[in-house]
Amino acid sequence: QVHLVESGGGLVQPGGSLRLSCAASGGIFRVNSMGWFRQVTGQQREPVASISSGGTTNYVDSVKGRFTMSGDGALNTVALQMNNLKPEDTAVYYCKADISILGGTRRDYWGQGTQVTVSS
């Protein structure tokens, strides 16, 4: 059974940095891509960043130049380095993985979410 475990959230002052991590495990044949999403209570979950199996990254405009997503070669572990954080970055951050499991099934899996709060 596939598990995604996130870590690294917390409280930080504006201008500060945090690093989120997401580790995938359990019956994985291949991780096709990984992404970070965030959600504010009462609002829709929005994409923040993604990385493909080839290493191509994409970012929502609001975080370009501040956030960097990286991963190991197999994308079993990815990270989101968040610099120059702003209050509007406050949200619950979720890791999402597009995974093909042993036996051929392919689907999206979600982590449990980690709270990021940017406040003075």
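**Ground rules.** I call a residue buried when its relative accessible area is under 20%, exposed when it is over 50%, and partly exposed in between, using a 1.4 Å probe and protein chains only. I am working on a predicted model, where local features need pLDDT of at least 70, side-chain atom pairs count only at pLDDT 80 or more, and totals for chains, interfaces and linings use all residues. Residues are numbered from 1 along each chain as its sequence is written, and side-chain values use heavy atoms, with hydrogens and water left out.

I looked up Phe37 and found it buried, with a relative accessible area of 16%. Next I searched for aromatic pairs, meaning rings of Phe, Tyr and Trp (its six-membered ring) with centres within 6.5 Å; planes under 30 degrees apart are stacked, over 60 edge-to-face, and the rest tilted. The search gave 2 aromatic pairs. In one of them, Phe37 and Trp110 have ring centres 5.0 Å apart and planes at 65°, so I noted the pair as edge-to-face. Phe37 belongs to strand E4 and Trp110 to strand E10 (residues 106–110), so this pair ties together parts 73 residues apart in sequence. Strands here are DSSP runs of at least two residues, labelled E and numbered from the N terminus.

Is Trp110 itself buried, exposed or partly exposed? I found Trp110 partly exposed, at a relative accessible area of 37%. Tyr94 and Trp110 also pair edge-to-face, with 6.5 Å centre to centre and 80° between the planes. Tyr94 sits in strand E9 and Trp110 in strand E10, so to speak two distant parts of the chain, 16 residues apart. Tyr94 is buried, with a relative accessible area of 14%.

I checked for a charge over a ring, which takes NZ of Lys or CZ of Arg within 6 Å of the ring centre and within 35 degrees of the ring normal. Arg45 lies over the face of Tyr94, 3.6 Å from the ring centre. Arg45 also lies over the face of Trp110, at 4.7 Å from that ring centre.

A nonpolar core is a set of buried Ala, Val, Leu, Ile, Met, Phe, Trp, Tyr and Cys residues joined through side-chain atoms within 4.5 Å. The largest one has 29 residues, and Met34, Trp36, Val78, Leu80, Met82 and Tyr93 touch the most other members. Strand E9 (91–101) is among the strands that supply at least two residues each, as are E7 and E8. The largest share, 5 residues, comes from E9.

Beyond four places in sequence, its contacts include Cys22, Met69, Leu75, Val78 and Cys95.

Leu75 is in the loop between strand E7 (67–71) and strand E8 (77–82). Leu75 is buried, with a relative accessible area of 2%.

E3 has a covered face of Leu18, Leu20, Cys22 and Ala24, and an uncovered one of Arg19, Ser21, Ala23 and Ser25. Strands pair if DSSP finds at least two bridges between them. E3 runs antiparallel to E8, joined by 6 bridges, and Leu20 has Leu80 as its bridge partner there.

Terms used:
Helix = DSSP H or I, 4+ residues; strand = E, 2+ residues; numbered from the N terminus. Contact = heavy atoms within 4.5 Å.
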